[in-house]
Amino acid sequence: MKRTTYAGLVDESYIGKDIVLKGWVQTRRDLGALIFISLRDREGLVQLVFSEEFSKAALAVADKMRTEYVIEIKGTVKARTEKAINHDLKTGRIEVEVHDASILAEAKTVPFDIEDKINASDELRLKYRYLDLRRPVMQKNLRIRSKITKATHDFMDSEGFIDIETPYLAKSTPEGARDYLVPSRVYPGSFYALPQSPQLFKQLLMGAGFDRYYQVARAFRDEDLRGDRQPEFTQLDIEMSFMEQDEIRDLVGQWVAKIMQDAAGVYVDAKTIPVLDWADAMQRFGTDKPDLRIAYELNDISDIAADSTFGVFSTTIANGGVVKGIAVPQGADHYSRKDLDKYTQYIERFGAKGLAWVKVTADGFNGPVAKFLNDQFNEITTKMDAQVGDLLLFVAAKEKVVAGSLDYLRRDTAKQLGLIDQNKWAFTWIINWPLFEYQEEEDRWIAAHHPFTMPNVEDLHFLNEGEDPHQAHAQSYDLVLNGYELGSGSIRINTMDIQEKMLKALGFTNESAHEAFGFLLDAMEFGFPPLGGIALGLDRLAMILAKQDNIREVIAFPKNSKASEPMTQAPQPVSKKQLVDDLGLTAPTYAESDQPNMAEE
């Protein structure tokens, strides 16, 4: 039988028509001479009715059907009685009287129910991902991804961009995270690297004259995972020639507006996306990816704290630190001392040595440090725009420690108190980034974005001999949505002299620079146009639009938090023949008890 429509699309317009449906058995109710089955496909559910009145043969087949059996049926669409209408179901006003049916495939008992609200661990869901993906919410999530890429293709085509694929097997270059390496059989001892981004290739495409490139590109980074990060991910990657930063931001805004409309049915006015200076964002929110849905910001009370009788505050200021705080609206009654002790312990990971707090009452401050701050009650409440019933949280430390601590506290208190509008889409551009940032773990300066970012014109002199390059700011622009970095972009360096100075500031010698990036430096000598671009994270954008907390929920076959894949049990050791005979590598040796087992991971 040839399917005529999807189960979830059958509505009252089909009443009286014969249709053919195919899908999975969701539920089965057996009343003897009458059997009701909910049929599920990618579009939803519809109720099937089997009865001797319609077909004894079909009823006999239905008697053998069980949950998750794959079936096909032919029947007539009928209106339900008023009492039988299911208002929670799209197809709830109709049902299908089945005249012919067959079982296409049987199914074992599933390890969890195929429905949105399930009580199953993430590991179990990933092990049986093909079952997990049958759930309506997962089907919806992956369709959002599809809509995002379709909107991208449509928009880029209309704007004259050319879709060009770049290599997956490339050269390892020191650009940031660790590379995934692929050994070469043809050149023993040599390795390809899976690309962390198409960055260098798309710059070369600009040099080749393709002035508008885009790609839905896979990228790979061997780094620790988080809820919004995977070892392999997808970028919506674009690059343009002969365009200024504001022109690129305007075009990207239109592109994102197209995605939001097509994938989420949300109107976004690209022209009204606010633009924040990086330093301003750090001062006001403590982060370069602020969630603008949260109304309250960080308040710098260092000038007040300098004269405070509270020694922690005054000593911090005397030692070159800062004191900042947030006023949590009506948070005084919500948080107990025990709750605030947990916050104090949590922010130790940012380097904070303590959390000072007071509650605002009509008679002054109340709390452990109230006696030290009540003399400055009016100054502090005015500076922080605090009202009676608010909870004031303070951190005194170096700027970076304060920023990290209060950024977390701002986001978590807003979440706990329900102060974030989940239906709001708060975009912002963050511009004028530092060109370099200090990496404490490695005790060195690195490029804040990547080594190919153009400094601001007025800061170019900082790259000259004898000046401090770390004072330079970049022609960079990040797009942020609801506290997540959606994409990072910049104007790129297009002349070899500036590129060599940039690499020198990062510690490259002329020899090591040409060893790592010689092909790019050579290309710049043949006339490189001014260029710039951006890459949006498809996985992260889909996660936000699907209102999920983890990008695994919008990826068909993701890795778990330990970078393994429970379904196929990848990664796995390979045979000695592959390693030694084919690739010329040394096979690892394990004691039998030490053999790695990715399934257990």
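User: Which backbone oxygen lies 3.4 Å from a polar atom of the side chain of Arg 221, and how is a polar contact defined?

Analyst: A polar contact is a pair of N or O atoms within 3.5 Å; within protein, one must be able to donate a hydrogen and the other to accept it, and residues adjacent in sequence count only if both atoms are side-chain atoms. Here the oxygen belongs to the backbone of Gln 196, and it lies 3.4 Å from a polar atom of the Arg 221 side chain. This is a predicted model, in which local features need pLDDT of at least 70 and side-chain atom pairs count only at pLDDT 80 or more, while totals for chains, interfaces and linings use all residues. Residues are numbered from 1 along each chain as its sequence is written, and side-chain values use heavy atoms, with hydrogens and water left out.

User: Where does Arg 221 sit, and is Arg 221 buried, partly exposed or exposed?

Analyst: Buried means under 20% relative accessible area, exposed means over 50%, and partly exposed is in between, with a 1.4 Å probe and protein chains only. Arg 221 is partly exposed because its relative accessible area is 27%, and its place is in the loop between β9 (212-220) and β10 (232-241). Helices (H or I, at least four residues) and strands (E, at least two) are DSSP runs, numbered from the N terminus. Contact means heavy atoms within 4.5 Å, and, leaving aside neighbours within four places in sequence, the residues in contact with Arg 221 include Ala 177, Tyr 180, Gln 196 and Phe 233.

User: Which residues does the UniProt annotation "binding site" cover?

Analyst: UniProt positions are given in the numbering used here, feature names are shortened, and annotations may be inferred rather than shown by experiment. In the unreviewed entry, "binding site" covers Glu 175, Arg 221, His 449 and Arg 492. Ser 476 is in strand β20 (residues 476-481), and Ser 476 counts as buried because its relative accessibility is 0%.

User: How does Ser 102 read by these same terms: where is Ser 102, and which side chain does a polar contact of 2.9 Å join to that of Ser 102?

Analyst: Ser 102 lies in strand β5 (residues 94-105), and at 22% relative accessibility Ser 102 counts as partly exposed. The polar contact of 2.9 Å joins its side chain to that of Glu 72, and Val 61, Val 70 and Ile 71 are also among the contacts of Ser 102 beyond four places in sequence.

User: What is a nonpolar core, and which helix gives the most to the largest one?

Analyst: In soluble globular proteins, nonpolar side chains tend to be buried together. A nonpolar core is a set of buried Ala, Val, Leu, Ile, Met, Phe, Trp, Tyr and Cys residues joined through side-chain atoms within 4.5 Å. The largest one here has 72 residues, and Ile 148, Trp 255 and Phe 427 are among those that touch the most other members. Helix α6 (residues 245-264) gives the most to this core, with 9 residues. Ile 148, for its part, touches residues including Leu 236, Ile 259 and Leu 545, not counting residues up to four places away in sequence.

User: How many helices and strands are there in the chain, and what share of the residues is buried?

Analyst: The chain has 17 helices and 22 strands, and buried residues make up 48% of its 601 residues.
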